[in-house]
Amino acid sequence: MTRRSLLTRIAFSPLSRHSSSVKRRDVSSAAVTVNAAKSASAGFAKENAVVIDSVEVSSSSVVVDRPTAADHHPDSFVDRHIGPRSEDIEKMLQTLDVKSLDEVMDLTIPRSIRREFQMQMPEPLSEQELAVRARVLSLENEAKDFSSYIGMGYYNTITPTVIQRNLMENPGWYTQYTPYQPEISQGRLESLLNWQTMVQDLTALPVANASLLDEATAAAEALGMALKAHPDKKRVLLDHKMHPQTIAVVKTRASGFGVTVELGDVMGKGEEEEEIERGLFCAVMFQYPDTEGAIRDYSKLTHKCTQAKTLSVCATDLLALSQLRAPGEFGCDVALGSAQRFGVPLGYGGPHAAFFACSEEHLRRLPGRLVGVSIDSSGNRALRLTLTTREQHIRRDKATSNICTAQALLANIASMYAIYHGPKGIRDIAQMVHHYTRALSVGVGASGHFRVVNETFFDTLTIDLGQRKGEIMERAQQRKHNFRNMDNNKIGVSMDETLTMDKLAAVLDIFHSPLSAEECWKEATVATSSPSLHWAMGGFERESEILTHKVFNSYHSEHLLTRYLKKLENKDFSLVHSMAPLGSCTMKLTATSEIMPISLRGFNSIHPFVPNPQQQTRGYLSLMGELEQDLKEMTGYSAISFQPNSGAQGEYAGLRAIDAYHQSRGNSQRKVCVIPKSAHGTNPASAQMAGLRVVPLDVDKEGGNVSIEQMTKLADKHKHTLSAVMLTYPSTFGVFEEDIKVIADIVHHYGGQFYLDGANMNALVGHCRPVDFGADVCHLNMHKTFCIPHGGGGPGVGPIGVAQHLVPFLPNHPVIDVNAGGAMGSQSSPGPVSSAPWGSSSILPISWAFMRMMGSVGLKKATEVAILSANYMRKRLEGEYKILYTGKHGFCAHEFIIDTRPFKKTSGIEAHDIAKRLQDFGLHAPTMSWPVGNTLMIEPTESEDKGELDRYIEALLIIRQEIRDIEQGLILTHQSPLKHAPHTAAVVCGEEWDRVYSRHTGAFPAPFVQPASKVWPSVGRLNDQYGDLNLACSCDKVEGF
């Protein structure tokens, strides 16, 4: 079966993919004619346009004059992205006693999988050309000129510029890593604690996590929670008036668990009510307000669920909850939804932060991350990720969730939106939105032709247009308005905070209302002040207070919020300070030129369900088509799906594709997935969620390679049931296994599929393709190899590439056709895995920009320098630290593991102590105790210059000497600065100092650590045990201030 992606069906002017000697290049087709030299007068000022005299945007193309040798501009983005200069590379090569980067590659990557040809990609663009190209594509998205009132969990919103500039566009926030080192993460931990408190307040439930991926996957996580609570119940009831994308994603997840999904009216009488009362369902889920906008009283339903030991799950809306009774107030076990409308741009579907709150009873079943309050070594209040034995790492194949990342950056934006507006501001916005909806209801009713179906509502009306639906929808399109197209003769119209009286008047005109906007508003106001106050919300108005904590009542001026944001940022380590060489995390540069397109209105203001994507989102589809083509060139795959919005979601989607493929061939018994014991915890968790049975595979202790002998035995043992083998390559130990093709051959010989975890793709790009060594499917971490920043713990993107035979089994979508062919995509697909058709679309321009500016030669060199940098550090450290694994020639891949286990016996020092001491040097620790306990895995990336590598090496060498001082009896273990690290300014500057080493040694342990640039941890070492024993996961009570 052939799949032609919708992305590849969009006509756009192709770039030359085969020539490197083009002088002029056709870059894009555009919807408007603009001379970039006159950008301000042409309207580009609204998009923060860059004026480039040599570039003209015309109705047919963007023509870029390629410089001749005489006028060639010396600036090159490749040189901006790659840290080491040419002279530095020479010195690094000399340290390794090799002559060239090619020789490094020969000594690192097995010859059997090396590519002998260059990737065919367009010539690289300069940063200036990229800015114009991105702007042109954003202008091609006609949807930016439409007013979209589609709803379904997605709304226009206003991002306060103070938050946009100081958080969303600030590298001090978006280049942070997940706060696993809490002493240098207190700012974002506080912001996420604010988020948790906000969600707890609005849902009236006592526990909330630090965000999930989107509303639909949050609902799927609730199903997993229900199965853990009630493992004997294999049925779930979903109300038929939930959002269709939520229903579809829950169905996808349920099929992997072997759970039957039943749709019905959860408030109805008869068989369903009886089955609820008998406790036959593990969970009952409903939408509040529902997808048609109606508000219903679910209190009797939740009571029945409690009596029947069934999880009651409410998908809801935070803005609505400022006006409506909260789920916790009418007995819900779980409340979830999207916080997108709290200042997070639509972005064609994401990324957005989902919220998830639950009752105390289900605290330890809560998916995702949880910020908690603890104390530090001085007894001061400090924050940390609590219950950090995240289930997919501990439970592995027993897990019901594979959540690894979250949407931290977006959760921080949403929490700051609530802080900036405060409880009064949030309620005022909600009341305004509701009043506009009342006014629209009045106007539609006055037309005499149409009927508002839902008698109760907050912001959404379902309108029956009768036989005039076609006319009204065409009239709306002509006036550039998007409404929701529903079944039969109905449409949906959802109001939002961007409404004005002029916009209301435009909507009323579409419905031929005889009343003006002002008349409708006035009549709605009269209704509001009359005894019929409760008619629109069904008498379900909220009476309890919201957002009572001091933090939500303190920062309502821009000065105050700017200073609060800066105060939090100053507590945190990010890539603006120094390198963060976290193995398997690829903390590389996200260039400013790459991040800028996400702020263009043509990219960030678009609803994911706009009709006719070929017309309204042509620019997006062109961009994604180019990105897909480049990824196919890099990997060799036949198709790419962008829908998975995290690496773990990519794993899940890929494994579901494999399972569906086997079922299509009548091999439904193939349910065994072989995974090395060294694999990331999400691998076995994803396999289990896909309905597969995990069989662990040993690796040898010497080289860290898969045991071919055991692999063959396991494959033979399960030859009739083998579904897949799941490997990371290069391995999680940082080596290229020589026998990777042999492994693939074994898997295929016994009827299985080879799944490649693409977490380490940064060591492959331009040198080898997964398809060439037999991988049938691979997910790619765009937030690693392809420069999307980590955002303090999200967002991420995890697209999957598949070989031709797996193309029919890629994710589809119930609302938007992402594939050619079937009405809603391939009927062979297991279903969607994310809320939006293309997942987190609005951050894909980051990866697209990276590849457009690097080109094939630059990308290949980036891989070489990443491997060179890792081996340079390895070589410099190997005399003082044991390097755990290397390849056949003694070289590592793009990362390596230093073994700190012997130090525990010789000095009492562990990896944990070294990680904390590195903070005193102003450095972030490597990946700690994974994939091998009590070790450190270092990945420097290609973006760090030699001077930064040398500083990190120097710090580790000084720490090794401090360990040696203990080993030689010069200082006792408990007296060592390693055990007291990190040293805060408060401790170092305090009146008392009882350490045997000097204050200077504690705070300034190396010559490069200077007072003027010192990065101070804001708290001392966290007391993890105290935090777990005294669990507190919200801001302190108001009475505490």
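Visitor: Before the helices, how do the axes and angles run here?
Guide: Axes are lines fitted to C-alpha atoms, for helices over the stretch in contact, and angles run from 0 to 180 degrees between N-to-C directions. The model is a predicted one.

Visitor: OK. At what angle do α23 and α28 pack, and how far apart are their axes?
Guide: Helix α23 (residues 618-635) packs against helix α28 (residues 844-877) at about 45 degrees, and the axes are 10 Å apart. Angles of 65 to 115 degrees would count as roughly perpendicular and those under 35 as roughly parallel, so α23 and α28 are oblique to each other.

Visitor: Which hand is the crossing, left or right?
Guide: α23 passes α28 in a left-handed crossing. On the α23 side the contact includes Leu623, Met624 and Asp630, and on the α28 side Trp848, Met851 and Arg852 are among the residues. The contact residues divide into 10 nonpolar, 1 polar and 3 charged.

Visitor: New topic. Where is Asn645?
Guide: Asn645 sits in the loop between β19 (639-641) and α24 (647-664).

Visitor: Buried or exposed?
Guide: Its relative accessible area is 2%, and buried means under 20%, so Asn645 is buried. The side chain of Asn645 makes a polar contact with the side chain of Ser834, at 3.5 Å. Asn645 also touches Leu213, Asp214 and Gly796, among others.

Visitor: And Tyr288, which strand is that in?
Guide: Tyr288 lies in strand β9 (residues 283-288). Tyr288 is buried, with a relative accessible area of 1%.

Visitor: What lies 2.7 Å from a polar atom of the Tyr288 side chain?
Guide: The backbone oxygen of Arg325. Other contacts of Tyr288 include Cys314, Leu321 and Phe540.

Notes:
Residues numbered from 1 in each chain as written. Predicted model: local features only at pLDDT ≥ 70, side-chain atom pairs only at ≥ 80, totals over all residues. Heavy atoms only, no water. Helix = DSSP H or I, 4+ residues; strand = E, 2+ residues; numbered from the N terminus. Parallel < 35°, antiparallel > 145°, perpendicular 65-115°, else oblique. Left-handed = near helix turned anticlockwise from the far one by under 90°. Contact = heavy atoms within 4.5 Å. Nonpolar A, V, L, I, M, F, W, Y, C, P; charged D, E, K, R; others polar. Buried < 20%, exposed > 50% of the residue type's maximum accessible area, 1.4 Å probe, protein only. Polar contact = N/O pair within 3.5 Å; in protein donor to acceptor, adjacent residues only side chain to side chain. Lists of a residue's contacts leave out its neighbours within four places in sequence.
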